[in-house]
Amino acid sequence: MASSLQKIEGDESVLLRVTHSNLTTFNPDIRFSLQLTVEAVKDKLWRKCGTSVNSMHLELYDDTRNKIADLSDNSKLLGFYSPFDGFRLHIIDLDPASVTSGGWLEDTSLVEKYEISEEAYNKRGDTFRKYREKLTSQVPSTVEAKTPDTNMEDLWANIKVGSRCEVEPGGKRGVVKFIGQAEPLGPGFWVGVQYDEPLGKHDGMVKGVRYFQCPPSHGGIVRPDKVKVGDYPERDPFEEDEI
């Protein structure tokens with residue numbers, strides 16, 4: 001007992017593997033302070049997986065898959081349960097209508113794809129192609145004026161919904177949630193991003209228009225040239241504090 005109390009008072013942290021009852025591909029290693037209450041741990045996990053604090057039940061397993069405890073008392077500190085690096089924290093989502101249920105957060109085949117024929121696309125007046133043609137016709141003799149728009153189209157074509165990305169300035173990482181026009185923000189195409197941390201300005205709704213869904217303060221909408229897609233894993237917020 002004395003060693004457990006010493007751990008809690010020492011402001012130490014522990015690296016736990018996190019799994020989820022509804023998300024088969026959700027298994028990150030996340031570092032937690034032992035001074036966090038169970039409720040604070042749930043709040044941190046809500047920002048990672050989408051399961052609300054009130055609908056979340058936590059189970060702690062050791063590195064041999066033996067169940068250690070149910071973290072059912074929100075007021076207790078994580079250190080009370082004496083977890084060690086490599087232990088597993090399992091999330092059980094108790095809400096049958098949760099955003100994590102049904103598999104649509106992981107299986108993109110469940111998402112209805114919008115397709116449009118080339119003929120129908122050419123008839124529309126609000127496309128990037130028409131926007132570029134309009135700018136080109138206004139400055140037909142200036143090659144320099146056309147180049148940025150061409151580059152912007154190339155950038156936009158390489159960005160896909162669901163891609164991991166990094167946004168400048170600031171190197172903010174997240175997931176692409178929206179690609180398209182956002183007239184209230186200005187002409188041209190925009191990219192909506194759900195940041196891993198609360199570094200955004202909204203929850204996917206801007207000026208009364210819902211472009212995508214994400215937790216509060218996790219959403220951002222930027223120009224395609226500010227977005228780099230690729231292998232940008234979620235950062236560990238404690239990694240810079242480790243020695």
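**Exercise 1. Strand pairing.** Which residue in E2 is the bridge partner of Leu 16?

*Solution.* Start with the ground rules. This is a predicted model, in which local features need pLDDT of at least 70, side-chain atom pairs count only at pLDDT 80 or more, and totals for chains, interfaces and linings use all residues. Residues are numbered from 1 along each chain as its sequence is written, and side-chain values use heavy atoms, with hydrogens and water left out.

Step 1. Helices (H or I, at least four residues) and strands (E, at least two) are DSSP runs, numbered from the N terminus. The chain has 5 helices and 12 strands.

Step 2. Pair the strands. Two strands pair if DSSP finds at least two bridges between them. E1 and E2 run antiparallel and are joined by 5 bridges. E1 and E5 run parallel, with 4 bridges.

Step 3. Read off the partners. Leu 16 is bridged to Ile 30 in E2. Val 18 stands opposite Leu 89 of E5.

**Exercise 2. The largest core.** Find the largest nonpolar core and state which elements supply it.

*Solution.* Step 1. Buried means under 20% relative accessible area, exposed over 50%, and partly exposed in between (1.4 Å probe, protein chains only). Of the 243 residues in the chain, 35% are buried.

Step 1. Define the core. A nonpolar core is a set of buried Ala, Val, Leu, Ile, Met, Phe, Trp, Tyr and Cys residues joined through side-chain atoms within 4.5 Å. In soluble globular proteins, nonpolar side chains tend to be buried together.

Step 2. Locate the core. The largest has 22 residues. Val 18, Phe 32, Leu 45, Leu 58, Leu 71, Leu 89 and Ile 91 have the most contacts inside it. At least two residues each come from strand E1 (13-20), strand E2 (29-33), helix H2 (38-49), strand E3 (56-61) and strand E5 (88-93). H2 gives the largest share of this core, 4 residues.

Step 3. Look around one member. Contact means heavy atoms within 4.5 Å. Neighbours within four places in sequence aside, Leu 58 is in contact with residues including Val 41, Leu 45, Leu 71, Leu 89 and Ile 91.

**Exercise 3. Rings.** How many aromatic pairs does a search of the whole structure find?

*Solution.* Step 1. Apply the cut-offs. Rings of Phe, Tyr and Trp (its six-membered ring) pair if their centres lie within 6.5 Å; planes under 30 degrees apart count as stacked, over 60 as edge-to-face and the rest as tilted. The search finds 3 pairs.

Step 1. Classify one. Phe 80 and Tyr 81 are edge-to-face, at 5.2 Å centre to centre and 90° between the planes. Phe 80 is partly exposed at 45% relative accessibility, whereas Tyr 81 is buried at 12%.

Step 2. Classify another. The ring centres of Phe 178 and Tyr 211 are 5.2 Å apart and the planes are at 55°, so this pair is tilted. Phe 178 lies in strand E7 (residues 172-182), and Tyr 211 in the loop between strand E10 (209-210) and strand E11 (219-222), so the pair ties together parts that are 33 residues apart in sequence. Both Phe 178 and Tyr 211 are buried.

Step 3. A charge sits over a ring if NZ of Lys or CZ of Arg is within 6 Å of the ring centre and within 35 degrees of the ring normal. The charged end of Lys 44 is over the ring of Phe 32, 5.1 Å from its centre. Arg 223 lies over the face of Trp 190, 3.8 Å from the ring centre.

**Exercise 4. Backbone exceptions.** Where do Ser 82 and Lys 207 lie?

*Solution.* Step 1. Recall the background. Most residues other than glycine have a negative phi, and most peptide bonds are trans.

Step 1. Ser 82 has a positive phi of about 50°. Ser 82 is in the loop between strand E4 (67-70) and E5, partly exposed at 22%. Lys 207 has a positive phi near 50°. Lys 207 is in the loop between strand E9 (205-206) and E10, exposed at 63%.

Step 2. Check omega. A cis peptide bond, with omega about 0°, joins Glu 168 and Pro 169. Pro 169 lies in the loop between strand E6 (164-167) and E7.
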